[in-house]
Amino acid sequence: MFVDASGRRARIIRRAGLAAGVACAGYAVLLAVALAGGTPFAPQTLIPGADVPGGASAQAGAGGRTGRAHERAAGAPGAAHAPAPAARPVAAPTAVTAAEVTPSATKGRATASATPAPAPGRTGATPTASASPRPTPPRTPAASATPSASVPVTPGPDTPAFPPGDAGGDPVPGDGWDD
Amino acid sequence: MARTARHAAPGAITKVASAGRQAVPRPRLVMAVLGLFALVCVMLLDGYLHSEIGNDSRVHESGSSDRVPASVLEGGPVLTFGADGEPVSHTLPPRTIALTFDDGPDPRWTAKVLAVLREHDVPGTFFVVGQMAARYPALIRDIVDSGGEIGVHTFSHVDLAYQDRARIDRELAQTQLALAGAAGITTSLFRAPYSSEPDAVDDTMWPVYRYLGTKGYISAFVDTDSEDWRRPGVAHIVRDATPGNGKGASVLFHDAGGDRSQTVEALGTYIDTMKAKGYTFTTLTASLGATTANHRASGAELWQGRALIGVVALAEFTMPVLFWLLVVVGAAVLARFALMLVLARRHARIRGRRRFSWGPAVTEPVSVVVPAYNEKECIANTVGSLAASTHPVEIIVVDDGSTDGTAGIVEAMGLPRVRVVRQENAGKPAALNRGLEHARHALVVMMDGDTVFEPDTVHRLVQPFADPRVGAVAGNAKVGNRSTVIGAWQHIEYVMGFNLDRRMYDLLGCMPTVPGAVGGFRRAALLEAGGMSGDTLAEDTDVTIALHRAGWRVVYAEQARAWTEAPGTIGQLWRQRYRWSYGTMQALWKHRRSLVDRGPSGRFGRVGMPLVVLFQIVTPLFAPLIDLLTVYGAVFVDPARSLLAWAALMSVQVLCAAYAFRLDRERYRHLLMLPLQQIVYRQLMYLVLIHSCVTAMTGGRLRWQKLERTGEVGSPQASAEAAR
């Protein structure tokens with residue numbers, strides 16, 4: 001009983017055992033690779049400020065690493081892992097122009113209707129669907145007087161570096177600015 | 001095939017049983033170690049993902065915030081840092097709500113939340129825990145596809161106030177990796193567990209946020225807390241979540257971490273209510289004018305992330321399987337104990353009654369067959385004990401070609417009722433058959449050459465034959481050399497495992513083995529079943545099953561005691577048990593047809609065989625699982641509970657063993673060995689079983705030796721036959 005003189009069953013089992021052994025070793029290796037990896041640094045996301053029209057975030061939307069030089073000059077060292085250049089928004093609190101209201105964030109954004117966009121992370125430039133958002137910039141300078149004082153003033157950002165027309169949606173001045 | 005068991009030439013798997021050593025060949029060992037290692041990795045990973053390993057569940061109390069900048073404390077719910085390291089607070093514009101959901105993704109709730117969001121056409125921002133993201137990558141994809149924004153909520157939901165930088169880095173990195181693998185994204189958004197409004201930031205957390213800022217994270221706090229996790233009711237949730245004065249707000253909900261049905265219920269109402277007030281809903285960074293915090297992952301991070309998701313998926317699949325196996329095996333073990341206790345008690349009560357009898361007393365003479373191969377140390381005692389038997393016996397010693405003068409010793413004793421039959425070495429089954437041939441009486445007792453009987457053993461053994469349905473009787477084999485540790489272990493095993501079992505099997509009518517050391521048979525029944533067969537290594541099991549299939553009853557005579565010499569070393573024990581378990585599997589396989597047969601054969605096949613397979617092969621085979629999970633639990637999870645569970649199982653065993661000892665009127669003293677036996681002996685037994693299973697599967701040939709003596713022989717004639 002059970003004896004297989006030709007050794008065929010033994011060969012099959014041995015091969016299966018070998019495959020299983022390799023799989024086990026492979027699993028352990030994969031586990032080590034997976035757990036050892038990853039970086040604690042976050043990708044760069046720019047949050048526009050009062051002075052910087054949404055243009056900054058347009059670049060941010062593109063992955064944050066390809067921001068224009070002068071935008072990044074103020075806050076971002078060349079490294080991609082710069083601290084969030086949110087310094088920008090408070091750099092020059094004064095110039096709150098209608099143009100600023102055009103956050104590039106609205107670019108491509110269906111203002112009223114919700115058009116579920118494909119994963120924003122992938123295209124970067126495709127914002128999430130939402131009703132027309134009100135950009136925050138005007139309030140920030142007022143609220144964070146202290147931080148703004150210490151932020152290097154960005155020469156450039158006063159004037160929108162990116163055509164306001166960039167914003168796909170129409171800027172909607174209105175009740176968002178009243179208070 | 002008849003003689004190959006004893007004289008097999010080394011075959012393809014020669015390493016299986018080398019001369020006298022423990023047979024554990026290299027490739028199999030490597031494979032076993034690798035498999036075990038992978039299993040341990042899976043278990044550890046699973047523990048890591050469920051916060052069983054390396055968990056830190058401390059939550060710090062809010063302290064002073066002297067060193068936190070006022071702008072932060074009084075600022076908005078979003079915190080970033082400038083290039084110079086100065087903090088910048090951001091507030092949401094008026095009438096803007098950013099719905100944020102913490103602790104997800106959770107298979108029970110996240111999908112429902114997403115459905116509500118989709119229905120109302122608003123996006124959400126989800127701060128996910130890395131562990132959950134790794135375990136449920138599809139949900140991450142769903143969130144991203146729905147237009148939601150994802151933020152990091154650490155990997156294991158630890159309070160970062162207590163963690164050092166290395167740990168913080170690891171929590172962040174692994175969460176990003178999980179996101180990369182799940183949906184190909186990384187994120188710059190972060191929210192700390194146990195955080196709340198910006199004014200709750202204290203001196204212990206402030207450095208953490210600064211550190212996160214240097215890593216490029218946008219830290220998010222909460223403007224209004226719906227307190228949904230308290231489950232206060234839909235109305236309360238909506239009210240608590242509503243910001244005052246038309247202000248914009250980042251609102252906190254939870255999509256995991258408990259029963260979130262109220263959250264799901266409240267969400268729709270909340271959205272409608274706020275929309276009616278003129279609010280709009282966006283993701284968090286969108287409300288601040290950024291595009292999104294989700295970025296595409298690529299390169300090494302993407303692939304490592306995928307590797308992480310892959311290994312996690314396998315671990316998440318394997319552990320529940322193992323767990324259910326454990327449950328099944330555990331249930332089987334406990335059921336067996338219960339059955340054993342109940343039936344053993346019944347057996348003892350029925351057979352112990354004064355009025356019980358098998359029938360008229362059996363007084364006819366009995367033939368005792370003693371196969372002997374090189375038993376010069378023991379044969380004199382054996383034959384002497386038989387000669388002192390109170391029952392009329394005819395003793396036939398079959399000398400299987402001994403080389404040490406065993407036959408001569410017996411003849412020299414010159415006892416009247418003893419006959420010696422010599423033959424060329426042909427194996428124990430052949431020797432027994434020869435003895436059967438020479439037996440003159442209708443009842444035959446078969447024993448081993450090194451077993452010693454008591455004077456009344458034969459008499460008690462044959463009484464059950466008064467019942468014409470009885471075809472075989474199993475006696476009560478006892479370990480004689482029980483003063484050593486190994487002897488004591490086997491003694492416990494014989495008393496509990498074999499004899500308690502036999503009482504149970506007797507009543508169930510499916511005793512798998514009449515022990516070769518002390519067994520009584522009807523000669524006619526034996527011959528009808530074909531005598532002893534050399535097909536398997538366990539001819540005793542083989543013939544017992546054959547008798548069952550022929551419709552005979554096989555019973556247990558607990559008073560018929562016989563004393564055997566159990567193996568004294570681990571090596572010998574290993575070989576003996578290896579042969580037994582391999583032989584049992586052979587015998588069961590040989591009689592597999594009984595599963596579908598009719599009549600008594602079918603009864604055994606459908607009742608007896610499954611029981612035997614379950615209790616003697618399957619449950620012992622999975623016993624290592626119990627040990628492994630106990631060790632894992634004790635080391636990583638909760639030592640107290642794991643060891644308690646193990647102790648509970650152990651006490652059940654002790655109970656059974658104590659009862660077995662009581663029934664057999666054995667001294668309880670030996671039970672002291674039981675705990676140690678459970679730690680060493682049990683492992684030995686299941687290793688032997690696994691080993692013999694592997695051998696059975698691979699079809700290797702075995703060369704068997706007897707316990708203390710070498711069995712290398714063969715006459716040229718036997719070898720020639722074996723070579724066929």
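Me: Two strands pair if DSSP finds at least two bridges between them. What makes β13(B) and β16(B) a pair?

Reply: This is a predicted model, where local features need pLDDT of at least 70, side-chain atom pairs count only at pLDDT 80 or more, and totals for chains, interfaces and linings use all residues. Residues are numbered from 1 along each chain as its sequence is written, and chains are lettered from A and ligands numbered from 1 in the order in which they are written. Four bridges join β13(B) to β16(B) (residues 443-447), so they pair. The two run parallel. Val369(B) has Met446(B) as its bridge partner in β16(B).

Me: How do you know that β13(B) is mostly covered?

Reply: Seven of its seven residues are buried (20 or more other C-beta atoms within 10 Å of the residue's own, C-beta atoms being placed from the backbone). Val366(B), Val368(B), Val370(B) and Ala372(B) point one way. Ser367(B), Val369(B) and Pro371(B) point the other way.

Me: Why is the crossover from β13(B) to β14(B) called right-handed?

Reply: Seven parallel bridges join β13(B) to β14(B). One links Val370(B) to Val397(B). The chain crosses between these strands through helix α13(B), residues 379-387. With the strands pointing away from the viewer, the path over the helix runs clockwise, so the crossover is right-handed.

Me: What makes β15(B) and β17(B) edge strands?

Reply: The open sheet has eight strands, in the order β15-β14-β13-β16-β19-β18-β20-β17 (chain B), with mixed pairing. β15(B) (418-423) and β17(B) (452-453) each have a single partner strand, so one side of each lacks a neighbour in the sheet.

Me: What makes β18(B) and β20(B) a pair?

Reply: Eight bridges join β18(B) (residues 470-479) to β20(B) (residues 553-564), and these strands run parallel. Ala474(B) has Tyr556(B) as its bridge partner in β20(B).

Conventions:
A residue is buried if 20 or more other C-beta atoms lie within 10 Å of its own, exposed if 12 or fewer, and partly exposed in between; C-beta atoms are placed from the backbone.
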